[in-house]
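Work through each task before reading its solution.

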Amino acid sequence: MTASATDAAAQDLLAFIDASPTPYHAVAEASRRLTAQGYRALDEREPWDLKPGDKFFVTRGDTSIAAFHLGQTPVDRAGFRLVGAHTDSPNLRVKPQPQAGRAGYHQLGVEVYGGVLFSTWMDRDLSLAGRVVTARDGKLAHHLVDFRRPLLRIPNLAIHLNRSVNTDGLKLNAQEHLVPVLALERSGAVDLKALLVEELARHSVQASAGDLLGYDLCLYDTQPSTRSGAFGEFLHAPRLDNLASSHAGLSALLALESPGAATRGVVLYDHEECGSVSAQGAASPFLKDLLERITHAHSDGRRDAFHRAMRHSFLVSADMAHAVHPNYASMHEPKHQPLLGGGPVIKSNVNQSYATDGETWAWFALCCREAGVVPQNFVTRTDLGCGSTIGPISAGELGIRTVDVGSPMLSMHSIREMAAAADVAAMISVLRQHYSR
């Protein structure tokens, strides 16, 4: 792969992340890219008319999306080639009644979403983005919002008042210490709904505070994604876990110019970081519903068509992997220490925290070989617990062969994470081979 192609893929990932401060925006950006490449939006509430070669996508809950390029061969004979990832990342989210204040400051009450690394959210220029739901004439309407400017901050306590912080560590209580500052009380009254009304007006949406009946708002760091290193080899960005995998699966699908025998698809779920149990998470029937509808329209019509389609199918569960940390190398299993820039990582766990087995490992390794990429392997230390992914959930829901993989990264679940530019194009290339098999 040429240096220019590698660089272009890395820059495109950073643009995708900066356009996606929340799962709502990630789905909107994915939808925009799919539409630009000839994919059409379908509604789950409507009947579908599908034929070989069709390209379409479906969203659920505004935060999960699945896109498919139908193959030339019926799915009960050729199956599906799928990539799964997730749109959500650990962050702070605004509470329903957020107005808070103490010691002369206006603050917003927030709730912790997922496994947030608390300390990294301190002393950051934070903004708000997400979805607002309004009501007008008895009908609900959804609106994306993004303030796109520093609006909030969670200030650290000065070392003079916490002398042992560097030796004993920073200890933060989520309820007491993660409440962001919004304004000074002396500056005047501040109401979140009034701010949202102003933000909607900037997008030509006329609404009053009484029209705002619900919202889903996330805090995010306003610092843009960037590159660093002596050779520009590192990526620094929020939400690499797991927008980098979402970008890879989507980019690989969009790079396919013509339909193959198998039906190719990517599914990007919400709520992986809090267990996947939701109407649009990996534990929901979202993907199964879609695959059954496609099978009904694109098979021989026998009652067992879906079950036969699953036996021909394969899912790559793509979620970021732990690279070896140079300052904490002892925390990694000695023979399984993925390196940034070293290529895609095949993740294994015999207790099924990852869905990989010998066959699915070999499938992905073969895709790597065909793409001219050398894979890495990861297992966690035997004396440490292992995180999980959508892989085992999807495999258990569908009975589909599944491998868990990911690009290596550092600072996982930090507000600002780190990866390698070279790994972006490498993962896309391997996923293209998976789609083409």
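A pocket here is an open set of grid points with protein on both sides within 12 Å along at least five of seven lines, and its volume is the space filled by probe spheres set on the points. The model is predicted.

**Exercise 1.** Describe the second largest pocket by volume, lining and residue class.

Solution. 
1. The volume of the second largest pocket is about 590 Å³.
2. Its lining consists of 21 residues, and those nearest the centre are Gln 107, Pro 155, Glu 176, His 177 and Val 179.
3. At least two lining residues come from each of β5 (91-102), β6 (105-113) and α5 (174-177).
4. Sorted by class, the lining holds 11 nonpolar, seven polar and three charged residues.

**Exercise 2.** Which residues of helix α11 are buried, and what covers them?

Solution. 
1. Buried means under 20% relative accessible area. In α11 (residues 390-398), Ile 390, Gly 391, Ser 394, Ala 395 and Leu 398 are buried.
2. These residues lie on the same side of α11, because they cover an arc of only 130° around the axis.
3. Among the elements that cover them are β4 (80-86), β13 (263-269), α8 (286-297) and β18 (401-406).

**Exercise 3.** Examine both ends of α11.

Solution. 
1. The N-terminal end is capped by Thr 389, with a side-chain oxygen 2.9 Å from the backbone nitrogen of Gly 391.
2. Just after the helix, Gly 399 has a positive phi of about 70°.

Conventions:
Residues are numbered from 1 along each chain as its sequence is written. This is a predicted model: local features need pLDDT of at least 70, side-chain atom pairs count only at pLDDT 80 or more; totals for chains, interfaces and linings use all residues. Side-chain values use heavy atoms; hydrogens and water are left out. Buried means under 20% relative accessible area, exposed over 50%, partly exposed in between (1.4 Å probe, protein chains only). Helices (H or I, at least four residues) and strands (E, at least two) are DSSP runs, numbered from the N terminus. The arc is that of the directions from the helix axis to the C-beta atoms. Contact means heavy atoms within 4.5 Å. A polar contact is a pair of N or O atoms within 3.5 Å; within protein, one must be able to donate a hydrogen and the other to accept it, and residues adjacent in sequence count only if both atoms are side-chain atoms. On a 1 Å grid over the protein atoms alone, a cavity is a set of points where a 1.4 Å probe fits but cannot get out, and a pocket is an open set with protein on both sides within 12 Å along at least five of seven lines; lining residues have an atom within 4 Å of a point. Ala, Val, Leu, Ile, Met, Phe, Trp, Tyr, Cys and Pro count as nonpolar, Asp, Glu, Lys and Arg as charged, and the others, Gly among them, as polar.
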